Amino acid sequence: MTDGITPGRPHRPRDPDRIAERLALLRRRALVARGVRAFFDARGYLEVETPCAVPTPGEEVHLQVFRTEREHPDGTRQPLFLQTSPEFAMKRIVAATGLPVFQLARVWRNAEGSNLHAPEFTMLEWYRPGADLAALMDETEALLRAVLPPALRRAGQDIRIGEPFARLTMAEAFARHAGLDLLPTEGDAGALARAAGCALREGESWEDLFFRLLMERVEPAIARDRPTFLTHWPASQAALARRDPSDPRVALRFELYAGGMELANAFEELTDPLEQRRRFVADRARRAELYGDDPDRTWPMDEALLAALDDLPACAGIALGFDRLVMLAAGTLRIGDVLWMG
């Protein structure tokens, strides 16, 4: 009988997930996680945990979700979904307590996979009562400086973390890098195509073309040598954000880009339950128009969230891809390099 080990040769377990060879990167991941917790502890945030299996995974039109089911002791069954974000639950906590909160949450998005995407990943979310968009940008800069070196290199590009981050409105970005005046075209796909000097694809909506131009012309031109906040999105892209009182054409939203990646998405949070319900209904109608009665895209509206919005204080919130933050810290190009498995 043999144990399968060649005599005279040290035994090495098989490592199909390359864990051992990625150990230095995974240790960096642990260091960044400790730094994140220390940062928020020092600022008086409360770390929270919310359920992963939820009846309402979100209202994003295009995201695909993981479906599951809970069997109750009496034998009844309840459809559930793995959360795409802890946002709804965290807002209910802020509404109930008035406290600043953060979470390193496991989230799931089906049918995703690339060098920057994994179907299961970690989202760092935090909500700060009393903060506006500018204050949240300041805090986000401070976080990155706390957990990243002042200068780093990724994909052959030097990135200066220690210097002030760039701040660019969406209108400025499209004028500078796509050569067009964006806001007057909103909702009119033909007008946007003419302004961009491009052909409108069959069935392409204004939103579709907006994101095509964003990905093809704007994103490759920004955040090359320092992180950049892209702010004040068109109002139709408001999602759960307030509109700007000084210009209702835009939403109080920013995304943060660094090292060729979208790193974070943030809002000044909408606290009007009637307006939020109206937006949810519109999102559901659009989802039904595109995908029909797909049971994997149909779920109850989150009435608990809508009821809580009356008590939600003025605040700003942000979702930051923790794995991508670690990718910056480690200088790696593949999200799989900083995941323990997967």
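One term to learn before you click: a residue is buried under 20% relative accessible area, exposed over 50% and partly exposed in between, using a 1.4 Å probe and protein chains only. What you're looking at is a predicted model, where local features need pLDDT of at least 70 and side-chain atom pairs count only at pLDDT 80 or more, while totals for chains, interfaces and linings use all residues. Residues are numbered from 1 along each chain as its sequence is written, and side-chain values use heavy atoms, with hydrogens and water left out.

**Stop 1: two cysteines.** Select Cys52, which is partly exposed with a relative accessible area of 31%. Now jump to Cys315, which is buried at 3%. A disulfide is a covalent bond between the sulfur atoms of two cysteines. How many disulfides does the count come to? It comes to 0, taking a disulfide as a pair of cysteine sulfur atoms within 2.5 Å.

Stop 2: Helices (H or I, at least four residues) and strands (E, at least two) are DSSP runs numbered from the N terminus, and two strands pair if DSSP finds at least two bridges between them. Colour β2, β4 and β3: in that order they make an open sheet of 3 strands with antiparallel pairing. β2 (53-54) and β3 (67-71) each have a single partner strand and stand at the edges, so one side of each has no neighbour in the sheet. Zoom in on β2 and β4 (residues 77-82), joined by 2 bridges. Val54 sits opposite Phe81 there.

**Stop 3: helix α2.** Show residues 87-97, which make up α2; its buried residues are Glu87, Phe88, Met90, Lys91, Val94 and Ala95. Why do they line one face of the helix? Look down the axis of α2: the buried residues fall within an arc of 165 degrees, so they line one face. (The arc is that of the directions from the helix axis to the C-beta atoms.) These residues pack against several elements, including β5 (101-108), β13 (261-268) and α7 (273-291), where contact means heavy atoms within 4.5 Å.

Stop 4: Next, pick β7 (residues 151-154). In a regular strand the side chains alternate between the two faces of the sheet. In β7, Leu152 and Arg154 are on the covered face, and Ala151 and Arg153 on the uncovered one. 4 bridges join β7 to β8 (residues 157-160), running antiparallel, and Leu152 stands opposite Ile159. The hairpin has 2 residues between its strands, and Ala155 takes a positive phi near 55 degrees.

**Stop 5: aromatic rings.** Rings of Phe, Tyr and Trp (its six-membered ring) pair if their centres lie within 6.5 Å; planes under 30 degrees apart count as stacked, over 60 as edge-to-face and the rest as tilted. The structure holds 13 such pairs. Phe40 and Trp126 form a tilted one, 5.0 Å centre to centre with 55 degrees between the planes. They link distant parts of the chain, since Phe40 is in α1 (residues 23-42) and Trp126 in β6, 86 residues apart. Both Phe40 and Trp126 are buried. Now try Phe229 and Phe254, an edge-to-face pair at 5.0 Å and 75 degrees. Phe229 lies in β10 (residues 228-234) and Phe254 in β12 (residues 247-258). To finish, select Phe39, Phe40, Tyr45, Phe102 and Trp126 together: they form one aromatic cluster.
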